[in-house]
Amino acid sequence: MTIKLIATDMDGTLLRDDRTFDYARMEDLLDELDERGIHFVAASGNQYTQLRSYFNPVDPDRVTYVSDNGALVMNHEEVIAESSITHAQIKRVIDWNNRTNADLENLIVLSGHNGAYVSNHATPEVIGMVKQFYPVVHQVEKFKEIDDNIFRFTFVWPQGIDVHQYIQQLRVEFGEELHTTGSGFGTVDILAPGVNKRTGLQQLGEKWHIKPEEMAAFGDNGNDLEMLRYVKYPFVMPNAEDFMKIRVNNVAVNDNNHNGVLDTIEALLAGAFD
C-alpha cells in the first residue's frame, strides 16, 4: 500500500465535540507523516482562518487546507486554487429564499476572503453564535454590495428543521449553475459549480503528482461524500448518520470523541488495511 496524502474533515471527524483533538498525538503523527513523505490535509466547510486556528497547538504550517468545502485551497499561505460565486448568483439565491422560505427566518452567512458577512439585523446572540465558527464577522446592510470574493453562501435553518428538502429545492432551482450540499448542524452550503472537497484533493493531486489511489480520507457528512468516493481508502466515522455508512464501506476504528481519525491513520500506516 502506498499512501501519499491523507485528508480529514474536522467537525464530527477529527474534532471532538468540544472542538479539540489530541495535540500531542497529532504532533507525533505529523512527524511520522513527514518522514514518510505523506501530506496531511484538513478538508472542511470551515473558513480558512478558522480551520487553520485549530492547528495552532501543533503548528498550522504543517497542514494543507481545503476550506469552505473546496472553494479555497491553501498550502503554506499560498493560494493553490479558489472558486468564487458572483454577486448576481448571491442575489438570485436570496430572492429564492425570500420567495419560498420567508416565514422560517433562516440565517444567511457569506464566507469570503476578508471574513464572514451577516445582515445588520442579526442580534448579538446570533453574532456570538456565528463567531464560534468565523473569527471575523462583518454586519452589512446589503449582501450584494459586499466588496470581497465570496466562496460560500450558507443557510442556517432553525433547530429541528430537516434541511434535505431545501437542498433538493435548491438543486432543482439552480441546476448545474451552483453546487448545493449539506454541512451538518442544520446548514446548507452553496458553492460555485463543480466545487467540493473532491476538487480540492484533485487540485492538490495535480500539484504534487499524487493519484487518488494514493489517497485516504475521513468524513462524517454529506459534504464529504465526493471526497470519500474519490480516494482509494475512504473512512466514514462511527458517529456519522446511517446514510453515510451505506455509501462508504470502511468505518474508522473509533468515533470522533475517541481519536477515531488518529487511531485509523496509525492502523493504515501499520498496514492494517492492505
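Tyr65 is buried, with a relative accessible area of 1%, where buried means under 20% relative accessible area, exposed over 50% and partly exposed in between, for a 1.4 Å probe and protein chains only. This is a predicted model, in which local features need pLDDT of at least 70 and side-chain atom pairs count only at pLDDT 80 or more, while totals for chains, interfaces and linings use all residues. Residues are numbered from 1 along each chain as its sequence is written, and side-chain values use heavy atoms, with hydrogens and water left out.

Which ring does Tyr65 pair with? Rings of Phe, Tyr and Trp (its six-membered ring) pair if their centres lie within 6.5 Å, and planes under 30 degrees apart count as stacked, over 60 as edge-to-face and the rest as tilted. By this rule the count comes to 11 aromatic pairs. One of them joins Tyr65 to Phe55 in an edge-to-face arrangement, 6.0 Å from centre to centre and with 65 degrees between the planes. The pair links distant parts of the chain, since Phe55 lies in the loop between α3 (48-53) and β3 (64-67) and Tyr65 in strand β3, 10 residues apart; helices (H or I, at least four residues) and strands (E, at least two) are DSSP runs, numbered from the N terminus. Phe55 has 0% relative accessibility and therefore counts as buried.

We turn now to a helix. Of the 10 residues of helix α10 (residues 260-269), 9 are buried, so the helix is largely enclosed by the rest of the structure. Its buried residues, among them Val261, Leu262 and Ile265, pack against several elements, including β1 (5-8), α2 (23-36) and β13 (233-236).

How do α2 and α10 pack? Their axes are 11 Å apart, at an angle of about 30 degrees, where axes are lines fitted to C-alpha atoms, for helices over the stretch in contact, and angles run from 0 to 180 degrees between N-to-C directions. That makes α2 roughly parallel to α10, because angles under 35 degrees count as roughly parallel, over 145 as roughly antiparallel, 65 to 115 as roughly perpendicular and the rest as oblique. In the contact (heavy atoms within 4.5 Å), residues of α2 including Arg25 and Leu29 meet residues of α10 including Leu262 and Glu266.
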